[in-house]
Amino acid sequence: MASILLTAPMQGWATPIDEVPDAVFSERMLGDGVAIDPTGDCLYAPCAGTVLTLLPSGHAITLATPEGAEILIHIGLDTVALGGRGFSPCVAVGDTVERGAPLIRFDLDLLVREARAVVTPIVVVNPDRFSIVHAVSSELVAVGDPLMTLEPSDAVARRETNRDGATHERTVVVPLPHGIHARPAARLAATAKRFDADVTLASGDKTANVRSPIALLALAIRHNETIIVTAAGADASAALAAICDLIESGMDEPAEAPVRTPAVAASPSRPAVDGALTGVTAAPGLAIARARWFRPADIVVPEHGEGIAVEEARFDAAVTTLSTRFAERARSATGPERAIVEAHAAMLDDPMLHETTRSGIARGEGAGHAWRNAIRPQADALRTSTDPRLAERADDMLDLERQLLALIAGVETMPLSFPPDTILLADDLLPSHVLSLDRANIVGFCVERGGPTSHVAILAATMGLPALVAIGAQLNAVTDDTPVILDASEGLLRIDPDADTLVATQVRIVQAQVRRTEALARASEPCRMADGTRIEAFANLGALGDAHLAVDNGAEGSGLLRTEFLFLERDAAPTVAEQTADYQAIADALDGRPLIVRLLDIGGDKPAPYLPMAPEENPALGLRGIRVGLAHPQILEDQVRAILSVKPAGQCRIMVPMIASLDELRAVRAVVDRVAAEIGIGDRVPVGVMIETPAAAVTADLIAAEADFLSVGTNDLTQYTLAMDRGNAAVASGIDGLHPAVLRLIAQTCKGGVVHGRWTGVCGGLASDPLAVPILIGLGVTELSSAPALVPEIKALVATLTMEACRTHAAAALQCGSAADVRSLAREFTA
Ligand code: PEP
Ligand code: MG
């Protein structure tokens, strides 16, 4: 193989790698090379090659030459901490480039001001295959000047050489809002298992094998912590890239509401308020019932075993049974329930726990005892974490401990059955307890301890069970069979309420039930106003289960299928066939009803690991919505092809998110028309536009000339109109879609649509808000796409309205000075 010339990728002072003030480079931990102290502001390709990795923060890139040499260029030191500021990549992973092609433009002034150093190491990261036979040192170089010459090292196979010791290492800043907790740990472990490499993660002086989610949890890695990921073995560099990229992608972790640490968390008991105990709402709702304590039975765990073979067999059998149980439950579960079960399954599969348990058994311990000794220290370490979210994860481990102990001891702990109308009281509940609750008879639960972000709380909300946590020791004063009112929405558990309170609560419950029952009974009727005007009552969907729920609740179609669910939490984009199958299943579940499929709306704060996107300072204003599809044309084309392949043709319509100008719609239209022609679809495929930016609303008349329908995404339209981040708790009280500014934009949208005979719908949160519905209709909205479970109520409400009254009401709302004024007007209107 001929030698390979690497030319200077930037202008500046070439410096020996030993002089780089960072041991990772000066001690050649990543490989050998040269550094340049830059005087320019662009990094160019030092050779022809393919982009192997490009960190999302844009500060480092690896190129593979056609001969197989891998060249890492790291602009400055510790520049990952800039989170992408100052870097503008010109290429993407997988691109092939010629020598001299621009790779990354950077803001040298910013780096000089903010980075630890600007010196840029250029390192051959597979020194087992290529050695540097010549390199310049200490001289001024211009872009394109010879920098290093490489020659193939000896013929030792790369895999074996790597196995013998080449260790790859990368420093990563953890962007996950809640650090590496159970679900990300499970995903990292699953990713690591795909590679023939040992990957470890170091935080301070502690390290963990990435294959062990429990060891990862024990590191208690927090948001913005800098960690070091190290990989050794045959697939070291690929494994390192996969793990680091996954962490740096943020792993789609939602920026959940801040942890509501109850003010009383530190005190052992909480004061009673007017005969009620106060707690923290884990899931809202109202129920009257009798209290019943749940006190799990003790499980006997013998210290000494009955022989290694017997105990190992017990352990193996219990693990197999529990894994099967988890797999079955994960198959039938959806959403958070499924994620929690999968995280437990990953912990159960943890090699470190298995190893420690087997060592205990080998020393003569009983299987249960050895298992408990393996898992309990990990739970205890988490329990002491200062991060309440991580501390709550200790319960997940205790849950796993208990479930396996029960199986080893042959004690069946499930299902938990209670008399009808029971409010369950407990010191604490574990996720597996909640999953196995007898849902027919238990109408809510209250726990002394627990936290509002625990998996128990998430499960309660998913199951629609009112629940309070962190009530404190006073809960113990409540005895079995005491009548109670659980007003979880208000954070209250009323003990032995008087007759008046009982009656008043009963009335509230009955009123809500009557409204719901009446609405459900008429849910299958077409949605019409009292004067006969037709309004379409559609539902928003995120997955197949929602489609069934929508149909059961009388939805007449879907005004928004959020297709993101298919694209997130994956390492590669879904294929056309996978997408087609998913869309087809949802279309089939809708049984002929129209299905409006929204093109992918990810990007910004919802990155997909396989779409390289630099972190953005203002994700809401960056690469998101259709901008992502236009930047990645293959993803857009594949999705359009999948949607158009659904049968019967015509059931699906396409909707484009985050349009800011007509050009974007035209670009999508061109792709749709081309793919339709290729598939042999003769009819024009309807393509609608989401009105989510003020720009789209004020140009709705121009857009409607070319769009087939308009649908207002009030969630985004509100955030962009009011300049209030929809995910920012600090402005949460002000972000209200009933603000007159938003309503005026909706009015303008409807007018723009009418000019060209296009209908306008609403698929944002306002369509599910009973106070907003009469105003929206009065403004000219003719389709409402709401949460599936709310469709019956929305239909029932529409049936009470007349167009004339709605128009007058809407006109008055447009003249209000604030969202609060609109809300009081709306309350008067619906009273
Ligand atoms: C909206 O913005 O109102 C909308 C429906 O889209 P999403 O909530 O998915 O951003
Ligand atoms: Mg939106």
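How far does a polar side-chain atom of R562 lie from an oxygen atom of ligand 1? Select the two in this predicted model, and the separation comes to 2.7 Å, a polar contact in the sense of a pair of N or O atoms within 3.5 Å. Local features here need pLDDT of at least 70 and side-chain atom pairs pLDDT 80 or more, while totals for chains, interfaces and linings use all residues. Residues are numbered from 1 along each chain, chains are lettered from A and ligands numbered from 1 in the order written, and side-chain values use heavy atoms, without hydrogens or water.

Next, select the backbone around ligand 1: a polar backbone atom of N715 is 2.8 Å from an oxygen atom of the ligand, and a backbone N or O atom of G713 lies 3.4 Å from one. Taken alone, ligand 1 exposes 290 Å², of which the protein buries 97% (Shrake-Rupley areas, 1.4 Å probe).

Then move to the magnesium ion (ligand 2), which E692 (OE) and D716 (OD) coordinate at 2.0 Å; donors are N, O and S atoms within 2.8 Å of the metal (3.2 Å for Na, K and Ca), and sites may look incomplete without water. E692 sits in the loop between β32 (687-691) and α21 (694-698), whereas D716, 24 residues apart from it, belongs to helix α23 (residues 714-722). Both E692 and D716 are buried, that is, under 20% relative accessible area.

Notes
Helices (H or I, at least four residues) and strands (E, at least two) are DSSP runs, numbered from the N terminus. Buried means under 20% relative accessible area, exposed over 50%, partly exposed in between (1.4 Å probe, protein chains only). A polar contact is a pair of N or O atoms within 3.5 Å; within protein, one must be able to donate a hydrogen and the other to accept it, and residues adjacent in sequence count only if both atoms are side-chain atoms.
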